[in-house]
Amino acid sequence: MNTLTIEGWYKTSETSKPVELGQIHFHVSVADHLRLEQAEERLNKTHEAEIMVDVDMSRMELIMPQECGPLSDCQFRVYLSTRDQRGQFHLVGHRESDGSLVYSNAVMIDQLG
């Protein structure tokens, strides 16, 4: 299992500027890692822009910054880097308190051990 601590951001609306949230800490299970790799393979074959991969929040051990509070939903957004076509992902969800979009910085899929 991979443990990641990544900078997080939130937006209160589509047109608002991103606001730094602090560090998001979470684990990527072996099963989630496999789903991320499968999504990357699919993107390379189909040339879709992105794929959303559902996350089982009860098994993720997600730790959000205290000022954020819990998320109402959570997915991994998988896409290919425009520079080298390598798969990247980031955590995407919505804040339970007000529905704001919450997301992490991106991570290369092949950096997961």
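Reader: How do you know how far apart the positive and negative charges of the chain lie on average?

Author: The mean position of the 10 positive charges and that of the 18 negative charges are 5 Å apart. Lys and Arg count as positive and Asp and Glu as negative, while His and the chain ends are not counted; each charge is placed at NZ of Lys, CZ of Arg, CG of Asp or CD of Glu. The model is a predicted one, in which local features need pLDDT of at least 70 and side-chain atom pairs count only at pLDDT 80 or more, whereas totals for chains, interfaces and linings use all residues. Residues are numbered from 1 along each chain as its sequence is written, and side-chain values use heavy atoms, with hydrogens and water left out.

Reader: What makes up the secondary structure of the chain, and in which order?

Author: The chain has 2 helices and 7 strands, arranged along the sequence as β-β-α-β-α-β-β-β-β. Helices (H or I, at least four residues) and strands (E, at least two) are DSSP runs, numbered from the N terminus.

Reader: What makes E6 a paired strand, and with which strands does it pair?

Author: Two strands pair if DSSP finds at least two bridges between them. Strand E1 (residues 2-11) and strand E6 (residues 101-104) have 4 bridges in the antiparallel sense, with Gly8 opposite Ser104. Strand E5 (residues 87-95) and E6 have 3 bridges, again antiparallel, and there Gly93 stands opposite Val102. E5 and E6 form a hairpin with 5 residues between them, and Gly99 in the turn has a positive phi of about 80 degrees.

Reader: Why is Ser104 called buried, and which residues does it contact?

Author: Ser104, in strand E6, has a relative accessible area of 3%, which is why it counts as buried. Leaving aside neighbours within four places in sequence, Ser104 is in contact (heavy atoms within 4.5 Å) with Ile6, Glu7, Gly8, Ile24, His90 and Leu91.

Reader: Why does Met108 count as buried?

Author: Met108, found in strand E7 (residues 107-108), has 15% relative accessibility and therefore counts as buried. With neighbours within four places left aside, Met108 is in contact with Arg86, Gly87 and Gln88.

Reader: Is Asp98 buried, exposed or partly exposed, and what puts it there?

Author: Asp98 lies in the loop between E5 and E6, and its 45% relative accessibility is why it counts as partly exposed. The C-alpha atoms of Asp98 and Gly87, 11 residues apart along the chain, are separated by 31 Å.

Reader: What makes the phi values of Glu61 and Gln85 worth a remark?

Author: Most residues other than glycine have a negative phi. Phi of Glu61, however, is near 60 degrees, a positive value in a residue other than glycine, and Gln85 has a positive phi of about 60 degrees although it is not a glycine either. Glu61 is in the loop between helix H2 (57-60) and E4, and Gln85 in the loop between E4 and E5. Glu61 has 47% relative accessibility and so counts as partly exposed; Gln85, with a relative accessible area of 42%, is partly exposed too.

Reader: Which residues make up the covered and uncovered faces of E3?

Author: In strand E3 (residues 51-54), Ile51 and Val53 form the covered face, and Met52 and Asp54 the uncovered one. In a regular strand the side chains alternate between the two faces of the sheet. E3 pairs with strand E4 (residues 71-80) in the antiparallel sense over 4 bridges, and the bridge partner of Asp54 in E4 is Gln75.

Conventions:
Buried means under 20% relative accessible area, exposed over 50%, partly exposed in between (1.4 Å probe, protein chains only).
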